[in-house]
Amino acid sequence: MGYLNDRTARTIVPDPERFSLVRRMWEYMLTGRYTGAKICRIANGEWGFRTRRTRHTGGARLHTSTLYSAFANPFYYGLIERRVEGQPQTFAGAHPPMVTEAEFWQVQK
């Protein structure tokens with residue numbers, strides 16, 4: 001959410017339609033005054049946020065569980081988690097991070 005796969009360059013790039021909206025969701029959560037459910041209501045209702053359309057799916061409203069999954073994903077501060085030979089490994093991503101590591105951990109609290 002907020003990023004796209006650039007298949008030709010084989011990299012991840014910010015989604016021009018959603019990156020700033022997802023960043024704003026992080027900013028709301030960082031204030032400590034909003035719950036995930038409240039942020040979803042604002043994003044879906046006031047901002048008109050919808051998931052990216054693909055051939056078979058998309059265009060749906062954001063679900064609270066999806067938002068909480070994003071808030072718990074270190075991808076947003078620049079890490080990529082993969083399984084290598086059955087073992088979880090973490091790598092620095094080449095994509096531009098949406099939040100700082102400090103902001104990520106503040107939201108985790």
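Glu-85 is exposed, at 78% relative accessibility (exposed means over 50% relative accessible area, buried under 20%, partly exposed in between, with a 1.4 Å probe and protein chains only). Glu-85 sits in the loop between β3 (79-84) and β4 (87-92), and its phi is near 55°, a positive value in a residue other than glycine. Helices (H or I, at least four residues) and strands (E, at least two) are DSSP runs numbered from the N terminus.

This is a predicted model, in which local features need pLDDT of at least 70 and side-chain atom pairs count only at pLDDT 80 or more, while totals for chains, interfaces and linings use all residues. Residues are numbered from 1 along each chain as its sequence is written, and side-chain values use heavy atoms, with hydrogens and water left out.

**Backbone angles**

- Most residues other than glycine have a negative phi.
- Arg-10 has a positive phi near 55° and lies in the loop between β1 (3-6) and β2 (11-14).
- Arg-10 is exposed, with a relative accessible area of 77%.

**Nonpolar core**

- The largest nonpolar core has 26 residues, and Met-25, Trp-26, Phe-71 and Tyr-76 have the most contacts inside it. (A nonpolar core is a set of buried Ala, Val, Leu, Ile, Met, Phe, Trp, Tyr and Cys residues joined through side-chain atoms within 4.5 Å.)
- Helices α1, α2, α3 and α4 (101-108) each supply at least two residues of this core, and the largest share, 6 residues, comes from α1.
- Met-25 is in contact (heavy atoms within 4.5 Å) with Ile-39, Ala-43, Trp-47, Phe-49, Leu-62, Leu-67 and Phe-71, leaving aside neighbours within four places in sequence.

- In α2 (residues 36-46), the buried residues are Gly-36, Ile-39, Cys-40, Ile-42, Ala-43 and Asn-44.
- Their cover includes α1 (19-31) and α3 (64-71).
- Asn-44 counts as buried because its relative accessibility is 6%.
- Beyond residues up to four places away in sequence, Asn-44 touches Phe-49, Arg-50, Arg-61 and Leu-62.
- The axes of α1 and α2 come within 10 Å and cross at roughly 145°. (Axes are lines fitted to C-alpha atoms, for helices over the stretch in contact, with angles from 0 to 180 degrees between N-to-C directions.)
- At this contact, Met-25, Tyr-28 and Met-29 of α1 meet Gly-36, Ile-39, Ile-42 and Ala-43 of α2.
- The contact residues divide into 6 nonpolar, 1 polar and no charged. (Ala, Val, Leu, Ile, Met, Phe, Trp, Tyr, Cys and Pro count as nonpolar, Asp, Glu, Lys and Arg as charged, and the others, Gly among them, as polar.)

**Salt bridges**

- The whole structure holds 4 salt bridges (a side-chain nitrogen of Lys or Arg within 4 Å of a carboxyl oxygen of Asp or Glu).
- Arg-23 pairs with Glu-27, the closest N and O atoms being 3.1 Å apart; these residues are 4 apart in helix α1, so about one helical turn separates them.
- Arg-23 is buried, at 18% relative accessibility, whereas Glu-27 is partly exposed, at 37%.
- Arg-23 also forms a salt bridge with Glu-103, with the closest N and O atoms 3.0 Å apart.
- Arg-23 lies in α1 and Glu-103 in α4, so this pair ties together parts that are 80 residues apart in sequence.
- Both Arg-23 and Glu-103 are buried.
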